[in-house]
Amino acid sequence: MSCSPFDLRDYFLKELSESETRQVANHTRTCSACREELERLRVTQQALLSLGDEEVPQRLAFVSGRVFDPSPWERVWSAIAGSRARLGFAAAMALSLVLVAFTMIRETTLEQRISQIQRDNLQVQQELKRAADSYDYSVRNELLLERSSYGERQ
Ligand SMILES: [Zn+2]
């Protein structure tokens, strides 16, 4: 253990605040024990870094070894591909799935288009009705005006 005001490992890993870092730096200037501790940390880090470099290829080899293990899908595929009849069946299944999906998509878009047209028709109907109502209203107003002016004239 060191006599530094803050943990030398935190100082070494630059996890201290600015003022804490300054205090540790001032302390290590006068404390040889803490300077030695910091040197040990530096050596340890160097050792870990060089060890890490050597271990990377090993880890890669391990990972790719697992990757090249047949996955469940690959096993199913090789079981299917192993037999001509099963391959033909699988191809037919895949094709029918595509056709079903295609038909479903077409039906969906057709339904969407029909309901869109129905919505549009409803909107047009409402607009026509509104126009007719306001036309009726203005015609009625004109008639009323005419009648009242006629009445005035009387
Ligand atoms: Zn110290």
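Let me begin with a definition: a residue is called buried if 20 or more other C-beta atoms, placed from the backbone, lie within 10 Å of its own, exposed if 12 or fewer do, and partly exposed in between. By that rule, 3% of the 154 residues of the protein chain count as buried.

What we have here is a predicted model, in which local features need pLDDT of at least 70 and side-chain atom pairs count only at pLDDT 80 or more, while totals for chains, interfaces and linings use all residues. Residues are numbered from 1 along each chain as its sequence is written.

Now, the confidence. pLDDT is the predictor's confidence in each residue, from 0 to 100, and its mean over the protein chain is 74, with 62% of the residues reaching 70 or more. Over residues 58-66 pLDDT stays under 50, and the model has zero contacts beyond four places in sequence for them, where a contact means that the C-beta atoms of two residues, placed from the backbone, lie within 7 Å. Where pLDDT is low, the predicted coordinates should not be read in detail.

Turning to the elements, helices (H or I, at least four residues) and strands (E, at least two) are DSSP runs, numbered from the N terminus. The protein chain has five helices and zero strands.

Does the length of helix 2 agree or disagree with its residue count? The expected span is 1.5 Å times one less than the number of residues, so the 13 residues of helix 2 should span 18 Å, and its end C-alpha atoms, 19 Å apart, agree with that. Helix 2 is hardly covered, with one buried residue among its 13.

Within helix 2 we find Glu20, which is partly exposed because 15 other C-beta atoms lie within 10 Å. Glu20 and Phe6 are 14 residues apart in sequence, yet 7.0 Å apart in space, C-alpha to C-alpha.

Finally, Lys14 lies in the loop between helix 1 (8-12) and helix 2. Lys14 counts as exposed because it has 7 C-beta neighbours inside 10 Å, and its phi is near 55°, a positive value in a residue other than glycine.
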